Structure formats: structure tokens, C-alpha cells
Amino acid sequence: LYSEVILTRDVAEEGLRSGDVGTVVERHAAATPGDEGYSIEFFDMTGNTVAVATLPAGALRLPTPADRAAVRALSA
């Protein structure tokens with residue numbers, strides 16, 4: 001819990017794009033091994049929550065030393 005993760009695909013209904021960084025806030029165990037999921041909270045650069053999404057583990061990855069922070073502005 002509370003680890004940073006990186007989204008590996010767009011989640012259009014939440015306004016999220018691949019590469020967005022979020023924080024794990026809950027782990028959801030699955031009846032079938034390998035199907036676990038996570039609730040991820042995504043913030044803007046001022047600390048406000050922009051989305052909380054429940055996603056499968058396959059839609060997330062951990063950061064690596066090769067990752068660099070970037071900024072994208074949301075259109076109004």
C-alpha cells in the first residue's frame with residue numbers, strides 16, 4: 001500500500017493516460033490467482049485528487065530508474 005505505480009494504458013472514462021503516476025490505496029484479492037486488482041488514487045501536481053480507479057494488476061507497473069517525471073495539462 002501507498003506505493004507509486006505507473007499506468008500502462010489509457011483509462012478514458014477517468015481522464016487518465018498511460019504514464020500517469022498514482023498511489024496504491026487498496027489491494028483487491030481475486031478468486032483466480034493472477035487476477036488481483038488495486039484501487040489507485042491519482043493526484044494533480046498540487047495534491048488534489050483527480051481520480052480514484054480500480055484497475056487490474058496488468059494495467060500498472062512499478063517505476064524504474066529510467067523513468068522521468070513529466071507534466072501534461074488537462075484541457076478544459
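Hi everyone, and thanks for coming. Please keep in mind throughout that we are looking at a predicted model.

Let's begin with the overall build. What are the elements of the chain, going from the N terminus on? They run β-β-β-β-β. In other words, the chain has five strands and zero helices. The radius of gyration is 13 Å, close to the 11 Å that the globule rule gives for 76 residues, so the chain is as compact as a globular protein of that length. If you follow the C-alpha trace along its principal axes, the spans are about 40 × 30 × 20 Å.

How much of the chain is buried? Of the 76 residues, 25% are buried. And if we take the contacts with a separation of 6 or more, 31% of them join residues 24 or more positions apart.

Let's look at one of the buried residues, Ala-51. You'll find Ala-51 in strand β4, which covers residues 49-56. Its relative accessibility is 4%, and anything under 20% counts as buried, so Ala-51 is buried. Which residues does Ala-51 touch, leaving aside those up to four places away in sequence? The answer is Glu-14, Leu-16, Ile-40, Glu-41 and Phe-42. Take Ile-40 from that list: Ala-51 and Ile-40 are eleven residues apart along the chain, and their C-alpha atoms are separated by 8.1 Å.

Now for the largest pocket. Its volume is about 790 Å³. The lining has 23 residues, and the closest to the pocket centre are Gly-19, Asp-20, Val-21, Met-45 and Ala-70. Which strands each supply at least two residues of this lining? They are β1 (4-7), β2 (21-28) and β3 (37-43). The largest share, three residues, comes from β2.

In one of them, Arg-72 pairs with Asp-20, with the closest N and O atoms 2.6 Å apart.

Arg-61 is partly exposed, with 34% relative accessibility. Asp-67 is partly exposed as well, with a relative accessible area of 26%.

I'll end with a backbone detail. Most residues other than glycine have a negative phi. Now look at Tyr-2: its phi is near 70 degrees, a positive value in a residue other than glycine. Where does Tyr-2 sit? Its place is in the segment before β1. Tyr-2 is also exposed, with a relative accessible area of 64%.

Methods
Residues are numbered from 1 along each chain as its sequence is written. This is a predicted model: local features need pLDDT of at least 70, side-chain atom pairs count only at pLDDT 80 or more; totals for chains, interfaces and linings use all residues. Side-chain values use heavy atoms; hydrogens and water are left out. On a 1 Å grid over the protein atoms alone, a cavity is a set of points where a 1.4 Å probe fits but cannot get out, and a pocket is an open set with protein on both sides within 12 Å along at least five of seven lines; lining residues have an atom within 4 Å of a point. Grid points are joined across faces, edges and corners, and a volume is the space filled by probe spheres set on the points. Helices (H or I, at least four residues) and strands (E, at least two) are DSSP runs, numbered from the N terminus. A salt bridge is a side-chain nitrogen of Lys or Arg within 4 Å of a carboxyl oxygen of Asp or Glu. Buried means under 20% relative accessible area, exposed over 50%, partly exposed in between (1.4 Å probe, protein chains only). The radius of gyration is taken over C-alpha atoms; the globule rule is 2.2 Å times the number of residues to the power 0.38. Contact means heavy atoms within 4.5 Å.
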